[in-house]
Amino acid sequence: MSYCLHSESHLDTGPIYVRENGKLHLVNQGAGSIQNVTPKARPFSLFSRSFSVELCMNREDDRARRQRTDHFIFTYTKEGNLRYSAKSLFSLVLGYISDNVDHIDSLIGFPEQIAEKLFSAAEARQKFTEPVTGLRALQKFTEAYGSLVLCSLCLRNRYLVISEKLEEIKSFRELTCLDLSCCKLGDEHELLEHLTKEALSSVKRLLLKDNSLSDAGLRRMTAPVRVLKKGLENLLVLDLSCNPKITDVGIGYLLSFKKLNCLDISGTGLKDVDAVIKRLQMQIGLVHSKVPLKEFDHSNCKTEGWAEQTVLQWEQAVMEAMKPQDNLKSRVATLHFYGKTHRIEEVVKCTLVEPETKASGNLQFYKENIQNCNLPLKKEVAGSHELKNNKKRALAEQETERTSKQKHLCLTVEDWDLLNTY
């Protein structure tokens, strides 16, 4: 420690002592003489009055400071006084693990109740929004708990979230409902290829409205079901409306979905609508509905599961990244003033193909047996007629299955090339 001694006045240097012949003499500058007197005890201060001390502590980062204060719960009393209490050991350990959740080896066999709290703690710290560690942490939960993490996912008109968080979306397993409407994915998108994997064989409701799909995309999506009996074999509800590139050939690929109960092909490029209606009714038992069905109401599809808030955090992050583009309006105005043009990539909103929908009409289909299975019978005669009709339908279905199996055995070269990609 270094210090400086300063007197109260710069002219007064204080007492000066001189040792001569073994004696100490006091020198008085004012009189200019030397007095041989014993010095009086005068209080001597090490620091001057203007001396100040500043206490400097080691500056820690925000993470260490948050960990130090995270051990307490701060509340205010009625009088306005600050009161703090220590957190429980469980909450402290839960917070520590959630901060390092990406380093967990596996969660298989871990209790679901504690895993849900751990997921919520990591979600509150936004651990799943981080680029690399977020994906690794999310995969630990999806591998162990599957549908509990997310059982239904709605990504309608959220193509930016799909492009930014594609790997995270592909990590979800055992989804039962997936809404990808108005995303303009096309036939070659990686997410549509992921639909044919075994991880999404549990999907029962798939909404692909207005996605620029064609017959090639349907052929690629149904290849595992048609040949290998895998993929979307448990599909019950399918929405392919507002895809004008789908023709009568593409509808033929949908006949492999034997469990399909509801189908919407409104707004597609069908040439012979009556022939398609008869074909769907004869081969998979789908009847044309004159009234719009509730199964295709997009408000019913919602994101449900532990990761519901995580999907919202992804969307907020994408929207915040798009905010700086609002400042381009002034730049565009100046460019127009000088006669220059500037290309701006604006957010494309979901514009449905209404003219084609009106031209083709409402093409929604359902199975009569499922719609009327809960209705009581009025007469025994009606029951006997229905039994006969059911037998006829069963025989017709058996014949169609035989013919369809024979058709499936005759594979083209393109089908074999497509199967080799899986």
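This is a predicted model: local features need pLDDT of at least 70, side-chain atom pairs count only at pLDDT 80 or more; totals for chains, interfaces and linings use all residues.
**Entry 1: counting cavities**
I began with a search of the whole structure, and two cavities of 30 Å³ or more turned up.

**Entry 2: the largest cavity**
I looked up the volume here and found about 80 Å³ of space. The lining is made by 10 residues, and those closest to the centre are Asp187, Leu192, Glu193, Gly217 and Met221. Which helices supply at least two residues each to this lining? I found α7, residues 190-194, and α8, residues 215-228. Of the contributors, α8 gives the most, with three residues. I then sorted the lining by class and got four nonpolar, three polar and three charged residues.

**Entry 3: the second largest cavity**
This one has a volume of about 30 Å³. I noted Ile169, Leu175, Leu178, Leu191, His194 and Leu200 as its lining.

**Entry 4: helix α3**
Next I turned to α3, which runs over residues 112-124 and has 13 residues. From first C-alpha to last it reaches 18 Å, close to the 18 Å expected at 1.5 Å a residue. I checked which of its residues are buried, and wrote down Ala115, Leu118, Phe119, Ala121, Ala122 and Glu123. What do these buried residues pack against? My answer is α2 (89-99), α4 (133-145) and α11 (308-322). After α3 comes Gln126, and I noted that its phi is positive, near 55°.

How values were computed:
Residues are numbered from 1 along each chain as its sequence is written. Side-chain values use heavy atoms; hydrogens and water are left out. On a 1 Å grid over the protein atoms alone, a cavity is a set of points where a 1.4 Å probe fits but cannot get out, and a pocket is an open set with protein on both sides within 12 Å along at least five of seven lines; lining residues have an atom within 4 Å of a point. Grid points are joined across faces, edges and corners, and a volume is the space filled by probe spheres set on the points. Helices (H or I, at least four residues) and strands (E, at least two) are DSSP runs, numbered from the N terminus. Ala, Val, Leu, Ile, Met, Phe, Trp, Tyr, Cys and Pro count as nonpolar, Asp, Glu, Lys and Arg as charged, and the others, Gly among them, as polar. The expected span of a helix is 1.5 Å times one less than its number of residues. Buried means under 20% relative accessible area, exposed over 50%, partly exposed in between (1.4 Å probe, protein chains only). Contact means heavy atoms within 4.5 Å.
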